[in-house]
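Trainee: I would like to go through this model one element at a time. Can we start with the strands and then move to the helices?

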Amino acid sequence: MGEWYQKNVQAVLDELRTSDKGLSDAEAQSRLQEYGENKLQEAKQKSRLSIFLAQFRDIMIIILFAAAIVSFIVGETTDAFVIIAIIIANAIVGYIQEYKAEESIRMLQQMAAQHTVVVRNGVHSDIEASQLVPGDIIALEAGNVIPADGRLINEQQLRTEEAPLTGESHSVDKITDAVQEDKLLPADQLNMIFRGTIVSNGSGLAVVTTTGMQTEMGKIAGMLTPGTRHTPLQKRLAKFSKQLAVLVVIICVLVFVSGWLRGEDKIKMFMTALSLAVAALPEALPAVITILLARGAAGMAKQKALIRKLPAVETLGSVTFICSDKTGTLTQNKMTVVHAAAAEGQEALLLKAMAINNEIKKNEIDEWMGDSTEIALVDYAAEQKIDKATTEKEMELVNRLPFESERMRMTTIHKSGDKYILLTKGAPGKVAEVLNLDEDKKKQLLDQNRELAAKGQRVLFFSYKELTELPAKIDPSLEQGLTYLGMAGMIDPPREEVIAAIEECKQAGIKSVMITGDQPLTAKAIALELKIIDREDEAVLTGKDIQELDDESLKQKVMETKLYARVSPEQKLRIVTALQDNNEFVAMTGDGVNDAPSLKKADIGVAMGITGTDVSKESADMILLDDNFATIVKAVREGRRIYNNIRKFIQYVLACNLGEILTIFLAPFFGLAIPILPIHILWINLVTDGLPGLALASEPADKDIMKQKPRPPKQSFFAEGMAWQIISAGIILASAALAIQFWAIEKGYSLAEQQSIVFTVLCLDQLSNAMAVRSNNRSIFTMNILNNKQMIGALLLTFALQVALVYIPALHPIFKTTWIDMEAVIAILVVMVVSTVLRDITKLLIARAYRNG
């Protein structure tokens, strides 16, 4: 049957059972029942309740729930309420973030044209765009947002701005003739119009071929169905939580059974096992990581990078590929004249021709409306002090021969004094055909055109002819024997700051890739200027090439390709997917509707805040408030810093928890009483772990952070010796706690006093550990302790709170503490100093061992 663009106008009308007079009202209503309203349907959204309940599925949260229930059963209500409060707080934070992330598709509905002019019963009338049906005839004028996909049946110099859909930065000239090529992308279907694009020039009539979700924009909306996507940190924590949960169960069973076999009290051993479970599970970990990410997001906002989804903060540090749309992201999305060459002595007339040989007009807010190429020419003339309005008074427009795709020329006739001047501009080859020049001179001019085109410029030739009288008939026959006037080369110029940003990405081991809907020649010129590619002979993969590749072949190609041209939205999605199949972490930047599916699919989607459509913003993980590609580099730097600080926090909290586990697990084997109680462990895990842990978020970045390669996607979270750092610090912490308990028994302290002393040692020694984890490569005694004032504040506050628990009597029954005398205080300080020195030496030895391989 063929595609709509392959059929002539009458064949399209016949197949749709309509005519140039449109449908009858009755037939339109019948088709509305058949096809449905011309709306973009919402994909199924998660309910608020389901989003909230999903926050409780994490294995760590489930185990904490079990611990809270057991605490209630055995009468430890304080512990139970604290655990439940933590779980609920974490669920609320998670719910708020995820609910915001489910709003993307709803924004697409706001992109539709609200009203349109339709021809029904041979009469033009204004109706809601949602009432359009296939077979309707719609009238189009400059400035209209096109309400549905359609086939043009009549046009007068019609041009459309299709950048929101195809990525093309210049206007597209439309035709009505059939196009016979197969498998054309929307950008090449010149006789078709598409929903959500804009009429920039001319007028026309079109027959609606598809509505609603069947339109090209509808297909994009269909690809935006929310899916589950996890960041590297979420994956690592999920895996770790499951492993930890299994380990906790095994250890708790061993402790309970061994105590039971030794004849210990069952309730006592059960409480010991419960304490061990509470010690092993880092209750504050989900909440603290969320807070760390939120703080990072707030810091990025100050640098013009707005984070919409918190995990994106961490994902930035893992990015290995940045796939960027060209128009409006790497370039300014504004056609600009970069080359103008006039024939000898004709500089002034060339500038006047640029100013008045066009069809653009000012709108109500004094902005130019019309073809972006003509606007660029007028702006250039204005920069050279040739004003359009003033020139039009000097050279009054008396007639016009509009641009036609067959001629690829436009001619205007102006009265200048007692004579007339004919000005013609157009495609170089077509203008050269009508010049009064010999073939050698034409060849020279066309060679210059090819040189400029190889640089990615869109070139127009200008010519003129003086007339003694106004012709009686204005037709293309006037465009003969013209005098060459000059040429102008235009380009959508790169953003000045992008070159440095791309170079910094290279140093950071991040590959920058351009994906555009533009022609290969234009794309290559921009890519060379931006240094995305280094050589002119580097391959460009086009949309047609991608169509011929299966998924496995594309998977191989994407690893060696830096430049893609004439690419459709579906193909952008395939490129991102292929990179992810190679275990790459992909950032996708863009601003148009066409970028939305790729933004949603990418590991991190980056939208433009100023020029970006609502759809792209709502689909993205991050929005650049200044539309500056260089801001991505700042965000990557910040993402790496935050990720490193999260690792420091996890190293800190797990070392502390390991110390607690070993203390509780080993105490019975040494004949010691339970050294600390569940409420003590909760306090340590929430306050002593939490406050310094939050302060670790403020650690400054390493100086060479942007010269480090991205983390391998499958790299263990505990790589680079982190596991050994945790184990060694945990053993030292437990050794300090058990040593002080032995000392307290020798000195005759009561069980309550022993537990308070061990509780205090664990708290204070963990503060020392918080300082140590700030760097695994530097001694705690050589660090600049003042470059993180939040850490100093957290240490002082935690110390003050611990003192309050021990020395304020009203808190003793709640936290099961008691007074500690001066002799015990001195012993605690001695143990802390020894522990700090041992930890520092061990830390440096492990770091040196991993550096040396």
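Trainee: In which sense do strand E21 and strand E22 pair, parallel or antiparallel?

Mentor: This is a predicted model. Strand E21 covers residues 586–590 and strand E22 covers residues 604–608, with 4 bridges between them. One of the pairs is Gly-590 with its bridge partner Ala-607 in E22. The sense of the E21 and E22 pairing is parallel.

Trainee: Which strands are the edge strands of the open sheet?

Mentor: The open sheet has 8 strands with mixed pairing, in the order E8-E23-E22-E21-E9-E18-E20-E19. An edge strand here pairs on one side only. That leaves the two ends of the order, strand E8 (305–307) and strand E19 (541–542).

Trainee: At about what angle does helix H23 run to E21?

Mentor: Helix H23 spans residues 569–581. It lies across strand E9 (321–325), strand E18 (511–515), strand E20 (563–565) and E21. Its angle to E21 is about 160°.

Trainee: How many bridges join strand E4 to E7?

Mentor: E7 covers residues 198–210 and pairs with strand E3 (residues 137–141) in the antiparallel sense over 5 bridges. In that pairing, Ala-139 has Leu-205 of E7 as its bridge partner. Strand E4 (residues 149–161) also runs antiparallel to E7, and Arg-151 stands opposite Val-207 in E7. The number of bridges joining E4 to E7 is 10.

Trainee: How are H19 and H26 oriented to each other, roughly parallel or roughly antiparallel?

Mentor: The axes of helix H19 (residues 498–507) and helix H26 (residues 629–666) come within 7 Å and cross at roughly 30°. Angles under 35 degrees count as roughly parallel. H19 and H26 are therefore roughly parallel.

Trainee: How many residues in the contact of H19 with H26 are charged?

Mentor: H19 contributes Val-498, Ala-501, Ile-502, Glu-504 and Cys-505, while H26 contributes Phe-629, Ala-630, Val-633 and Arg-637. By class, 7 of the contact residues are nonpolar and none is polar. The charged ones number 2.

Trainee: What is the handedness of the crossing of H19 and H26, left-handed or right-handed?

Mentor: The crossing angle is roughly 30°. The handedness of the crossing is left-handed.

Trainee: Is Gln-741 buried or exposed?

Mentor: Gln-741 sits in helix H29 (residues 722–746). Leaving out residues up to four places away in sequence, Gln-741 touches Leu-672, Ala-673, Pro-675, Gln-754 and Val-758. Buried means under 20% relative accessible area. Because its relative accessibility is 1%, Gln-741 counts as buried.

Methods
Residues are numbered from 1 along each chain as its sequence is written. This is a predicted model: local features need pLDDT of at least 70, side-chain atom pairs count only at pLDDT 80 or more; totals for chains, interfaces and linings use all residues. Side-chain values use heavy atoms; hydrogens and water are left out. Two strands pair if DSSP finds at least two bridges between them. Contact means heavy atoms within 4.5 Å. Axes are lines fitted to C-alpha atoms, for helices over the stretch in contact, and angles run from 0 to 180 degrees between N-to-C directions. Angles under 35 degrees count as roughly parallel, over 145 as roughly antiparallel, 65 to 115 as roughly perpendicular and the rest as oblique. A crossing is left-handed if the near helix is turned anticlockwise from the far one by less than a right angle, and right-handed if clockwise. Ala, Val, Leu, Ile, Met, Phe, Trp, Tyr, Cys and Pro count as nonpolar, Asp, Glu, Lys and Arg as charged, and the others, Gly among them, as polar. Buried means under 20% relative accessible area, exposed over 50%, partly exposed in between (1.4 Å probe, protein chains only).
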